[in-house]
Amino acid sequence: MRAFRTGLPALLAAGLATGALAQGPVPPVAPARPKPAAAPQPAPDPAFEAARAAFEALPEAERRGLQDALVWTGDYNGVTTGAFGKRSFEGIQTYQTRTGAAPTGLLTQPERTALKREAEEARRAARFKVQPDPASGVVVGVPEALLPKKSAIPGGTRWQSTDGRVTLDTKSFPQGETSLDALFERAIAAMPGRKVTYKLKKPDFIVITAETAGGRSYIRYAEGPQGIRGFTLGYDRALADKVDRLVIAVANNFSPFPEDAPAPTAPTTATGPTPRTPASGLAAAPAAPPLPGVQAEARPAATGLLLGGGRVLTAASALESCAAPRIGGAAARIERRDAAGSLALLSAEGLAGGAPPPPPPLRAEAVSEGEALLVLGAQAKGRPSVAPASAAVEGVYAPLQPGAAGAPVLDRSGRLVGLVARFPTAPRLIAGVMPPTRYAVVPGKAVAAFLSESGLPAGAGKDAAKDAGKDLAKGAATTLGGAAAPVLDAVVAITCAR
């Protein structure tokens, strides 16, 4: 259980805080000065690399299943994305040490079987059930052994422990009932004896954790076409070692707007004064009938780079299960793929807007590990997100969100380093956010070769790339927004028609 003793707030601070996408400028940096010779990079750890190679050779569902199992055995406190990093390596080592095996970080087949068996026993003991909640419209995982008491509350459902020391509430507000801003302000409002330990506010969701002398709380709300939905979990801090892992499991399995979930229904048993969510200070609002005929907005299946002439470049992996891609409301077809199966060129007639900006200049030289980069990811509405990133071995390390396959990766001078090659098909998010993860990148040279073969311009040319590098040295592109600005209008969302 060592991995959980830091508690949920520490998990959120380490994962979610770094996972928030930076939308504004970063502090300016001074013009480049001569630097001393870089210290030699430490040699890769052979044990880690061997463990990573073995883990990543497994199917994605198996990888996520193993991480989820490590959560349930108390050996891992990260998000279950299927990507292998230091936390996964150390979690496996912790499990192996605890079970008397050599801590190699590489799970053998018998160890994987034993791990899954132990995790399944823990799930069964908790009677953890992922279930739709008709009262709020969400899908939520409930540890029913800990929370056997179930009752209706306005706009949602309450699950509670027998002694009342742990409470999980789901909650929904119809459109116009309240706003995320109002809920956020109420949740972070100063209260005697209560300290907000983490707060995150994005356009479509909020997350807040808080502590009192005797309790902890976790609050998450998301906004969509159907209104606002979320859950809160309050618990006695003396139970943190037991409940923290369950909070991770609840967050990993929570879906505020599931496609096939029933519409929220008004409770039939809750009467009397409006109940309050334990430890959160948020009063439940009266339930109301759902809005008829509202459909969830389509999420981007991928990010594309607009090249002009109705053509869009993206990662081929994002189209593997997308038979009918669309761009800006226009039907698109796959015009061609590269020989490696990494890139795809889409053609769509009738794309709205004028001529796109010229493609970003390509970066010729390789990036160095740890170099500051940025990634532009399309969103369902509004301008693309700008995520801070760093170069990693064979890829990029960044807090990306669903739909990031095909997203342009730029250096801080605005030169194209490559495209994000693939995004997990079924990511597990914590409070709607994917913490920083390593992603493979289709390198800029491959992009240039593919565009050249397709008879399209492969960037703004060597002179422009050199100029961009000189501008960076002069301090011209010292912010995320400054480096991303020339490319933002060329980043488009690719959706899949059903």
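Contact here means heavy atoms within 4.5 Å. Helices (H or I, at least four residues) and strands (E, at least two) are DSSP runs, numbered from the N terminus. The model is predicted, so local features need pLDDT of at least 70 and side-chain atom pairs pLDDT 80 or more, while totals for chains, interfaces and linings use all residues. Residues are numbered from 1 along each chain as its sequence is written, and side-chain values use heavy atoms, without hydrogens and water.

**Sheet**
- An open sheet is built from 7 strands in the order β3-β4-β5-β9-β8-β7-β6, with antiparallel pairing; two strands pair if DSSP finds at least two bridges between them.
- β3 (149–153) and β6 (195–202) are the edge strands, each with a single partner, so one side of each has no neighbour in the sheet.
- From one strand to the next, the twist averages 10°.
- Antiparallel pairing of β3 with β4 (residues 156–160) runs over 5 bridges, and Ile153 is opposite Gly156 of β4.

**Helices on the sheet**
- Helix α7 (residues 240–252) lies across β5, β8 and β9, at about 165° to β9; axes are lines fitted to C-alpha atoms, for helices over the stretch in contact, and angles run from 0 to 180 degrees between N-to-C directions.
- Helix α6 (residues 180–188) packs on the sheet and touches β5, β6, β7, β8 and β9, its direction making about 165° with that of β6.

**Helix pair**
- Helices α2 (residues 46–56) and α4 (residues 86–98) pack at about 95°, with axes 11 Å apart.
- They are therefore roughly perpendicular (65 to 115 degrees).
- Ala47, Phe48, Ala51 and Phe55 of α2 meet Lys86, Phe89 and Ile92 of α4.

Methods: Angles under 35 degrees count as roughly parallel, over 145 as roughly antiparallel, 65 to 115 as roughly perpendicular and the rest as oblique.
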